[in-house]
Amino acid sequence: MTHITRRSFLKVAGGTAAVGAIGVPHLAFGASKKVVVVGGGIGGATMAKYLRRADASIEVTLIEPNKHYYTCFMSNEVLGGERAMDSIKFDYTGLGKHGVKVVNDTVTAIDAAARKVTTAGGQSFSYDRCVVAPGIDFRWDAIGGYDEKVAETIPHAWKAGPQTTILHKQLQDMKDGGTVIIAPPVGPFRCPPGPYERASQIAHYLKKHKPKSKVLILDASDKFSKQGLFMAGWKKHYGDMIEWVSAANGGKIESVDAASRTVQGTVDKFKGDVVNVIPPQKAGKIAHIAGLVNDKGWCPVNQGTFESTIHANIHVIGDASIAGAMPKSGYSANSQAKVCAAAVVALLNGMEAPVPAYVNTCYSLITPEHGISVAAVYQLVDGAIAGVKGAGGLTPADASEETLRREVAYAHSWFKNITADTFG
Amino acid sequence: MKYKTIMQGAIVLGGLALGGAALAAGPSASMLANTCAGCHGTDGSSNGPATPSIAGIKGEYFIETMQEYKSGKRPSTIMDRIAKGYSDDEIKLMAGFFAEQKFVRIEQNADKKLASAGKRLHDRYCEKCHEEGGRMADDGGILAGQMMPYLRYSFDDFTNGSRSMPKKMKSKVDEMLKKEKKGSDSIEQLVHYYGSQK
């Protein structure tokens, strides 16, 4: 019943009035229903599309500064030499076909009381409900000597696009026998298995083209996502090429010296030929400007509707939101957007938000023939998103080679389908 | 006219009330089905290359498949882990949703020669159950336009015994592999035939 057309809604409403069984919807008929979506990543784009699919009477405006979106997922395959940048590049023409008005501008303020969004370009948009999907921002003050400017030579590549290209080129230019340092942050961060898939994909490239080289992971944590599967896969395919140093063993980095490509750990200094620092993260900038964050820099929401618990009529989805047991991933953002869209449609039509259902699947590619995955199905339990007990989990450690090959094919299918579901 | 509108409203509301009672505790069919789209495509029609389309398949087949994933009877990479996340009632709701969706076919790299050889095989061994060249939703899903890698995986699983075939199918497949020259090529020919259909 989330596919509410205006006609069927009016039918329902007519019946309601006739029998007088339920409260009359609080919106007058014919009143406009305006939603402004801030951010055109996976969450924002899915949101805009699914709102229009469910109720074409809603006026949906999506505001996003960039004309193109590069998916973070599968960008590691670009580094591994298995994928072209163009294949992770998407635009907003598909959303236009659904009747979403796409505005290329940067939102600079959200006035929760006046229900108004303003942009750097001097435009303003009023809304009945606003959906904020800004993704992540970096904590530039967390690592000494590392800031936005330094990231041009010591890339994070944790937002895909030009950053991916910089890192890719540095890997191509590196001499055989070089060391690639990857420094993952403390959680929570976008795409928990991402740094380790990156290590795999870089090793895949190096094994083929620069086999005397090394990948050194200097970790701010003592454990990581899919750890057992990754480490077994690394050993099998790359021998000693990938070395992981946990925080407890001095892996956490404190500062970066860009000129010498050296990072300072808690005990030792490490010199790399290519250095990839992934800084600690927080909700995207506009979430902070709009006062939607808690003291940890993330956005608390009603986990059934994604409405902010700080400002009414503003919803926050994707990486920026605090979404219970769901990780910060593209699939999570896509799934949350659909739950949020159904809630917004219902609320704008004077109905109660429906019971939500969520899912997440994360594939990681260790080689072009060896894929692994983690999956979970979620439900709302006492106001918090929780994994359904007895479901989900990892690729079995003893999976056959055929299964691991199929996981790669299904990972690539996931990429095709989720991007079509989001932007198509 | 007004009377009719009111009556229609009352009927819809009646339906809702009933549905509402049944759904009071859980998510709606579309809410549940939306969780499948990331891998299987919007409304269950896949963009490939491997994950199967589930749009338009028979509700009974959807339910049977999910239950077999849950129990481990049918082998899978990830669906055994995901199927366990849905209750029997939720699976029924999803089955109803996908049965109503249109199976949208995409262009696949099917070889014309293999496909036409496959058509001959299909007509001889498969058409009786998988009617209209496998376009009909039947007890085994929709074959025409299904993703070719998925069809290969399924044939592999059937022929190596990790997935059990219905009796009739087994006798036909055995017959095909025995009678046709180069038996394993016949499977590839069928894959190209189904994959070639628009």
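How many residues does the contact take from chain A and from chain B? The contact takes 50 residues from chain A and 44 residues from chain B, where contact means that heavy atoms lie within 4.5 Å.

This is a predicted model, in which local features need a pLDDT of at least 70 and side-chain atom pairs count only at pLDDT 80 or more, whereas totals for chains, interfaces and linings use all residues. Residues are numbered from 1 along each chain as its sequence is written, chains are lettered from A and ligands numbered from 1 in the order in which they are written, and side-chain values use heavy atoms, with hydrogens and water left out.

## Where the two chains meet

Between chain A and chain B an area of about 3700 Å² is buried, and carbon and sulfur atoms give 61% of it; buried area is the accessible area, found with a 1.4 Å probe, that two parts lose on being put together, summed over both. Of the area that chain A buries against chain B, 18% is supplied by A:Arg406, A:Tyr410 and A:Asn417, which is more than any other three residues supply.

The count of salt bridges between chain A and chain B is 3, a salt bridge being a side-chain nitrogen of Lys or Arg within 4 Å of a carboxyl oxygen of Asp or Glu. A:Arg406 forms a salt bridge with B:Asp157, and the closest N and O atoms of this pair are 3.0 Å apart.

Across the interface of chain A and chain B, 16 residue pairs are in polar contact, with both residues at pLDDT 80 or more. A polar contact is a pair of N or O atoms within 3.5 Å; within protein, one must be able to donate a hydrogen and the other to accept it, and residues adjacent in sequence count only if both atoms are side-chain atoms.

Several elements of chain A give two or more residues to the side that touches chain B, among them helix 1 (6-19), helix 9 (330-348) and helix 10 (401-423). Helices (H or I, at least four residues) and strands (E, at least two) are DSSP runs, numbered from the N terminus. The largest share of this side of chain A, 14 residues, comes from helix 10.

## Aromatic rings

A search of the whole structure finds 20 aromatic pairs over all chains. Rings of Phe, Tyr and Trp (its six-membered ring) pair if their centres lie within 6.5 Å, and planes under 30 degrees apart count as stacked, over 60 as edge-to-face and the rest as tilted. Two of the tilted pairs are set out below.

| Pair | Centre to centre | Angle between planes |
|---|---|---|
| A:Trp140 and A:Tyr146 | 5.8 Å | 35° |
| A:Phe230 and A:Trp234 | 5.8 Å | 40° |

Buried means under 20% relative accessible area, exposed over 50%, and partly exposed in between, with a 1.4 Å probe and protein chains only. A:Trp140, at 22% relative accessibility, counts as partly exposed, whereas A:Tyr146, at 3%, counts as buried. A:Phe230 and A:Trp234 are both buried, and they are separated by about one helical turn because they are 4 residues apart in helix 7 (residues 227-238) of chain A.

Ring pairs also link A:Tyr69, A:Phe73, A:Phe90, A:Tyr92, A:Tyr331, A:Trp414, A:Phe415 and A:Phe423 into a cluster.

## Backbone features

Most residues other than glycine have a negative phi, and most peptide bonds are trans. The peptide bond from A:Gly187 to A:Pro188, however, is cis, with omega near -5°, and A:Pro188 lies in the loop between strand 11 (179-183) and helix 6 (194-209) of chain A. In chain B, the peptide bond from B:Gly48 to B:Pro49 is cis, with omega near 0°, and B:Pro49 has its place in the loop between helix 3 (37-40) and helix 4 (59-71).

A:Lys226 has a positive phi, near 55°, and counts as buried because its relative accessibility is 5%. A:Arg261 has a positive phi as well, near 50°, but with a relative accessible area of 25% A:Arg261 is partly exposed.

A:Ile314 lies in strand 20 (residues 314-316) of chain A and, at 0% relative accessibility, counts as buried. Leaving aside residues up to four places away in sequence, A:Ile314 touches several residues, including A:Ile110, A:Tyr127 and A:Phe306.

B:Gln197 lies in the segment after helix 11 (183-196) of chain B and is buried, at 10% relative accessibility. The side chains of B:Gln197 and B:Tyr193 are joined by a polar contact of 3.5 Å.
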